[in-house]
Amino acid sequence: MSSPSFPAGTRLLALAMLTGVPIALAGCGTATQAMHTVRVPVRSPCIVALPARPLFATQTLMPDASDGEKVLAIARDLPLHLKYESALEAAMVACL
């Protein structure tokens with residue numbers, strides 16, 4: 001039996017196709033690197049500073065103060081207390 005004879009150009013083309021196909025397929029397997037932005041939460045303090053605690057009139061009362069003096073001190077403290085309380089609540093809301 002004799003082997004079939006192919007023209008020289010056909011053999012060269014067949015050899016190029018056999019070696020070129022794996023190289024071409026290898027090029028398809030590589031992917032381009034894409035940039036992705038990843039956002040990572042970072043812990044930071046939610047309160048820069050606490051509001052200063054006011055000096056309440058009830059704290060300066062003498063132990064033997066009369067009932068009238070105590071009631072007046074509580075009445076003077078109410079607006080201060082409400083203002084301080086609202087400042088504390090505003091600071092806490094900043095953390096949520």
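Visitor: Where is Pro 45 found?

Guide: Pro 45 is found in the loop between H1 and H2. The model is a predicted one, in which local features need pLDDT of at least 70 and side-chain atom pairs count only at pLDDT 80 or more, while totals for chains, interfaces and linings use all residues. Residues are numbered from 1 along each chain as its sequence is written, and side-chain values use heavy atoms, with hydrogens and water left out.

Visitor: Why is Pro 45 called exposed?

Guide: The relative accessible area of Pro 45 is 71%. Exposed means over 50%, buried under 20%, and partly exposed in between (1.4 Å probe, protein chains only). Pro 45 therefore counts as exposed.

Visitor: Why does Pro 54 count as buried?

Guide: Pro 54 also lies in the loop between helix H1 (8-29) and H2. Its relative accessibility is 17%, so Pro 54 counts as buried.

Visitor: With which residues is Pro 54 in contact, leaving aside its neighbours within four places in sequence?

Guide: Pro 54 is in contact (heavy atoms within 4.5 Å) with Gln 59, Leu 80 and Tyr 84. For Tyr 84, the C-alpha to C-alpha distance from Pro 54 is 7.4 Å, although the two are 30 residues apart in sequence.

Visitor: Why does Glu 69 count as partly exposed?

Guide: Glu 69 is found in helix H2; helices are DSSP runs of H or I with at least four residues, strands are runs of E with at least two, and both are numbered from the N terminus. Its relative accessibility is 43%, so Glu 69 counts as partly exposed. A polar atom of the Glu 69 side chain lies 3.0 Å from the backbone nitrogen of Ser 66.

Visitor: What is the nearest side chain of opposite charge to Asp 77, and how far away is it?

Guide: Asp 77, in helix H2 (residues 67-93), is buried and has Arg 76 as that side chain, 6.1 Å away. Lys and Arg count as positive, Asp and Glu as negative, and His and the chain ends are not counted. A salt bridge requires a side-chain nitrogen of Lys or Arg within 4 Å of a carboxyl oxygen of Asp or Glu. Asp 77 has no salt bridge. Beyond its neighbours within four places in sequence, Asp 77 is in contact with Phe 56, Ala 57 and Thr 58.

Visitor: How many helices and strands does the chain have?

Guide: The chain has two helices and zero strands. Of its 96 residues, 8% count as buried.

Notes: A polar contact is a pair of N or O atoms within 3.5 Å; within protein, one must be able to donate a hydrogen and the other to accept it, and residues adjacent in sequence count only if both atoms are side-chain atoms.
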